[in-house]
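Please find below a note on the model under review. It is arranged as numbered points for reading beside the coordinates.

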Amino acid sequence: MPIPNKVFKGSIGDTLQNIEIDVDIVIDKLNSVNVNKSQGPHEIHGKLLMELREEIAPSLVDLFKASLETGVVPQDFRDATVVPLHKKGGRDKAENYRPISLTSIVGKFLESVIKDNIVSFLENNNLIRDSQHGFISGRSCLTNLLDFMDEVTRELDIGNSVDVIYLDFAKAFDKVPHKRLLSKLEAHGITGKVLRWIAGWFRDRRQKVSVEGELSEWTEVKSGVPQGSVLGPLLFLVYINDIDENILSKFCKFADDSKVAKVVNNAHDAEILREDLEVAKLVSRLANGI
C-alpha cells in the first residue's frame, strides 16, 4: 500500500485526536433534523427525535462519548438500506441509477459532530487544496465554474489556445479502499480516538437493497464511502485531495468531477498536458489499488 505524503506539518500534539460532545451540541443537531427525509432502516422518525430532544439528548451524549472513547460503533450506525435513485436515460438499465444509502438518523447526528470538527481542523490548517470546490464551506458549483473560466478566458483574451479535458471517475465513491483512506486521514493530521472511531465506522458495514418495497439479504460492504451518509463526502474529499499533486495544468475539482486546462500552442505544451493526465491516472490507480 503506497504511503501518502504527509499533508499536516504540525506536531503530534496539534493533530485532531479527540472531540468534545455536550448536551448543547446534541440538541443543536436534533433541532436541525429534516423531518421530511427518510427515517432510515430502523424506522425512527426524525420528528419524534426532534420533539423529544430535551429528554433524549443526555442519553445520546453518553452514547456518543462512549462510542468515541472506545472506538466501538453500534451496528445500527453501520447498517444501510440502499435505494436506487434515477439519474438519466432509460429506467430499465441499472447503470442509470445512483445508489443512495439510507442510514441511521441517530448515527448521522454523531457523524455530523465529527464532520464539523474535521472540517474546522482542515480549514484552520489549510489542508484541502484550493482546486477542490465540492462540499466545502463558501465553495460551490458556481465558484468552481468562475475560477476555471477566469483562467481559460484570460488565456484566450491574450491569443493563446487552451485545451480543456473533463474527467469523471467511474463509481468513485464505491471504490475507495478503507485502509488507504485511513492512511490518508492520518497524513492529514486526523489521529487518535477520531481515527479509531472512523476505522470502527467502516468495520463490518452491511447493506441491503430496497426496490419497490422488496428487500435483499444483508451483504458485507468491503470498500467505498456511503453515499447518503453525513461523513462520507468529506472523507472522499480527503481521499482525493492529492490527485492533482505535481500537475502543472489548471486543475479544478468538484468532488470526483474534475476539469483540466492547459495553454497548448505547440507540441511541447501538448506533451505537458499528456504527462499531467498520466500523473492523474497513475495517482487514481494507486489510490484504488489497481
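1. Basis. The model is predicted: local features need pLDDT of at least 70 and side-chain atom pairs count only at pLDDT 80 or more, while totals for chains, interfaces and linings use all residues. Residues are numbered from 1 along each chain as its sequence is written, and side-chain values use heavy atoms, with hydrogens and water left out.

2. Nonpolar cores. A nonpolar core is a set of buried Ala, Val, Leu, Ile, Met, Phe, Trp, Tyr and Cys residues joined through side-chain atoms within 4.5 Å; buried means under 20% relative accessible area, with a 1.4 Å probe and protein chains only. The largest such core has 52 residues, and those touching the most other members are Phe64, Ile114, Ile118, Leu185, Trp197, Ile198 and Leu235. Two or more residues come from each of α1 (23-31), α2 (46-51), α3 (53-70), α5 (105-124), α7, α8 (192-202) and α9 (232-239). The greatest contribution, nine residues, is that of α5. Helices are DSSP runs of H or I, at least four residues, numbered from the N terminus. Another core, of eight residues, lies apart from this one and includes Val260, Ala270, Leu273 and Ala280.

3. Helices α3 and α5. These helices pack at an angle of about 60 degrees with axes 11 Å apart; axes are lines fitted to C-alpha atoms over the stretch in contact, and angles run from 0 to 180 degrees between N-to-C directions. Contact (heavy atoms within 4.5 Å) is made by Leu60, Phe64, Ser67 and Leu68 of α3 and by Val106, Phe109, Leu110 and Ile114 of α5.

4. Helix α1. Its buried residues are Val26, Ile27, Lys29 and Leu30. They lie on the same side of α1, because their arc around the axis is only 160 degrees, taken from the directions from the helix axis to the C-beta atoms. These buried residues pack against α2, α3 and α5. At the start of α1, a side-chain oxygen of aspartate 22 comes within 3.2 Å of the backbone nitrogen of aspartate 24.

5. Histidine 178. Leaving aside residues up to four places away in sequence, histidine 178 touches Phe202, Val221, Lys222, Ser223 and Gly224. A polar atom of its side chain lies 2.9 Å from the backbone oxygen of glycine 224.

Note on methods:
A polar contact is a pair of N or O atoms within 3.5 Å; within protein, one must be able to donate a hydrogen and the other to accept it, and residues adjacent in sequence count only if both atoms are side-chain atoms. Buried means under 20% relative accessible area, exposed over 50%, partly exposed in between (1.4 Å probe, protein chains only).
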